[in-house]
Amino acid sequence: MSTITEIVDVEVPVATAYNQWTQFEEFPKFMEGVEEIRQVDATHTHWVTRFGGVTREFDATITEQHPDERVAWTSDSGPDHAGVITFHRLDDAHTRVTAQMEIDPEGFAENVADKLGVLDRRVKGDLKRFKEFIEQRGGRETGAWRGDVDRPGL
């Protein structure tokens, strides 16, 4: 299992950054290797990814979500991974977005990529592209979901 932590500061208010991150179906526009995400319901998504010439499909569950603070998930099938994206207000116009992920690579290509640091660089690149995506839109998100999802067991 590998742990990846990456940070990016975006020039938008915290609500804008958070709102955009809740638009999972937009992820292919800034996440390398993500071909499609379908929002099944408020807490379930279906992903189609491509890495090293291999296409994988898997389902994920949003395990915790609080507006302007965090979105956490875990995979239900396919590659074993979980993570959390947190949003920290720096000032009225700037937000720090932190991605923390635990990934258990599946298959030869993913394991080699993990050992060579490719997965870390991919997450870093995804956050950089998220920054460009939201800032180039003039700080306007493509949508928002402001609901709460409490951590299991609470």
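**G139 and its surroundings**

Reply: Leaving out residues up to four places away in sequence, G139 touches V12, T16 and I134, where contact means heavy atoms within 4.5 Å. The model is a predicted one, in which local features need pLDDT of at least 70 and side-chain atom pairs count only at pLDDT 80 or more, whereas totals for chains, interfaces and linings use all residues. Residues are numbered from 1 along each chain as its sequence is written, and side-chain values use heavy atoms, with hydrogens and water left out.

G139 belongs to the segment after α3; helices (H or I, at least four residues) and strands (E, at least two) are DSSP runs numbered from the N terminus. Along the chain, G139 and V12 are 127 residues apart, yet 5.5 Å separates their C-alpha atoms. For the protein chain as a whole, 53% of the contacts between residues at least 6 apart in sequence join residues at least 24 apart.

T16, one of the residues that G139 touches, is among the buried residues of α1, together with V14, A17, Y18, N19, Q20 and W21. Buried means under 20% relative accessible area, exposed means over 50%, and partly exposed lies in between, computed with a 1.4 Å probe on protein chains only. Helix α1 is thus named as mostly covered, with seven of its eight residues buried. Across the 154 residues of the protein chain, buried residues make up 47%.

The wider fold gives this part its setting. The protein chain holds three helices and seven strands, and from the N terminus on they run β-α-β-β-β-β-β-β-α-α. The seven strands form an open sheet with antiparallel pairing, in the order β1-β7-β6-β5-β4-β3-β2; two strands pair if DSSP finds at least two bridges between them. At its edges stand β1 (2-10) and β2 (34-41), each pairing on one side only. Direction ignored, neighbouring strands of this sheet are turned by 20 degrees against each other on average. Helix α1 (residues 14-21) packs on the sheet, where it touches β1, β4, β5 (70-75), β6 (80-91) and β7 (94-104), and its direction makes about 160 degrees with that of β6. Axes are lines fitted to C-alpha atoms, for helices over the stretch in contact, and angles run from 0 to 180 degrees between N-to-C directions.

Within the sheet, β3 (residues 44-51) and β4 (residues 54-66) pair over eight bridges, and W47 stands opposite F58 in β4. Six bridges join β4 and β5, with H66 opposite R70 in β5. D68, in the loop between these two strands, has a positive phi of about 65 degrees although it is not a glycine; its relative accessible area of 22% makes it partly exposed. Between β5 and β6 there are five bridges, and T74 stands opposite A82 in β6.

A nonpolar core is a set of buried Ala, Val, Leu, Ile, Met, Phe, Trp, Tyr and Cys residues joined through side-chain atoms within 4.5 Å. The largest one has 33 residues, of which V10, W21, F27, W47, F87 and V97 touch the most other members. Helix α3 (residues 118-136), with six residues, gives the most to this core. Neighbours within four places in sequence aside, F27 is in contact with W21, I37 and W47.

Helix α3 also carries R122, a residue that is buried, with a relative accessible area of 18%. Beyond residues up to four places away in sequence, R122 touches E32, G33, R50, F51 and R129.

On a 1 Å grid over the protein atoms alone, a cavity is a set of points where a 1.4 Å probe fits but cannot get out, and lining residues have an atom within 4 Å of a point. Grid points are joined across faces, edges and corners, and a volume is the space filled by probe spheres set on the points. One cavity of 30 Å³ or more is counted, and about 710 Å³ of space lies in the largest cavity. Of its 35 lining residues, W47, F58, H81, M101 and I103 are the closest to the centre. The elements giving two or more residues to this lining are β3, β4, β5, β6, β7 and α3.

Note on methods. On a 1 Å grid over the protein atoms alone, a cavity is a set of points where a 1.4 Å probe fits but cannot get out, and a pocket is an open set with protein on both sides within 12 Å along at least five of seven lines; lining residues have an atom within 4 Å of a point.
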